[in-house]
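Good morning, and thank you for coming.

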Amino acid sequence: MAATNILVTMNLVGMGLGLSIVPRYVSHFQSSNVVFRPLPTSAPQIELLMAWHRENSSPALAQMIDLVEEQPEV
C-alpha cells in the first residue's frame, strides 16, 4: 500500500498496515501506536529539489527562493 500524505502514512502505520521512512519532524506528532527510531548516520542521503511555475512573481516565492539559496550544500 502507498500513501501520498504524511498523515495518511502515519495512520496506516498506526493501524499496523506497514512501516515508513519519514522526516524527523514527523516524530513530533504524538501517537501511542507508532514508534519512531532514527536511522543510522550512514543512511543514504537524497537530493531535494524546489520547483515553481516560471511566471510566478509572488513575493513569498522570491523570499522562499532566497532562503533556499542561502543554505549551504551538504
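This is a predicted model: local features need pLDDT of at least 70, side-chain atom pairs count only at pLDDT 80 or more; totals for chains, interfaces and linings use all residues.

The protein chain contains 2 helices and 0 strands. Its radius of gyration is 17 Å, whereas a compact globule of 74 residues would have one near 11 Å. The C-alpha trace extends over about 45 × 30 × 20 Å along the principal axes. Of the 74 residues, 12% are buried. The chain exposes about 7200 Å², and 57% of that area is supplied by carbon and sulfur atoms.

Let me turn to the aromatic rings. The structure has 1 aromatic pair. Y25 and F29 form this pair in an edge-to-face arrangement, with 6.3 Å from centre to centre and 90° between the planes. Are these two residues buried, exposed or partly exposed? Y25 counts as partly exposed because its relative accessibility is 48%, and F29 is also partly exposed, with a relative accessible area of 41%.

I come now to the largest pocket, which has a volume of about 1600 Å³. It is lined by 31 residues, and those closest to its centre are P23, P44, Q45, I46 and L48. Two elements, α1 (6-14) and α2 (59-70), each give two or more residues to this lining. The largest share comes from α2, with 3 residues. What is the make-up of the lining by class? There are 22 nonpolar residues, 4 polar and 5 charged.

Thank you for your attention.

Definitions and conventions
Residues are numbered from 1 along each chain as its sequence is written. Side-chain values use heavy atoms; hydrogens and water are left out. Helices (H or I, at least four residues) and strands (E, at least two) are DSSP runs, numbered from the N terminus. The radius of gyration is taken over C-alpha atoms; the globule rule is 2.2 Å times the number of residues to the power 0.38. Buried means under 20% relative accessible area, exposed over 50%, partly exposed in between (1.4 Å probe, protein chains only). Accessible areas come from the Shrake-Rupley method with a 1.4 Å probe; for residues, only the protein chains shown count as cover. Rings of Phe, Tyr and Trp (its six-membered ring) pair if their centres lie within 6.5 Å; planes under 30 degrees apart count as stacked, over 60 as edge-to-face and the rest as tilted. On a 1 Å grid over the protein atoms alone, a cavity is a set of points where a 1.4 Å probe fits but cannot get out, and a pocket is an open set with protein on both sides within 12 Å along at least five of seven lines; lining residues have an atom within 4 Å of a point. Grid points are joined across faces, edges and corners, and a volume is the space filled by probe spheres set on the points. Ala, Val, Leu, Ile, Met, Phe, Trp, Tyr, Cys and Pro count as nonpolar, Asp, Glu, Lys and Arg as charged, and the others, Gly among them, as polar.
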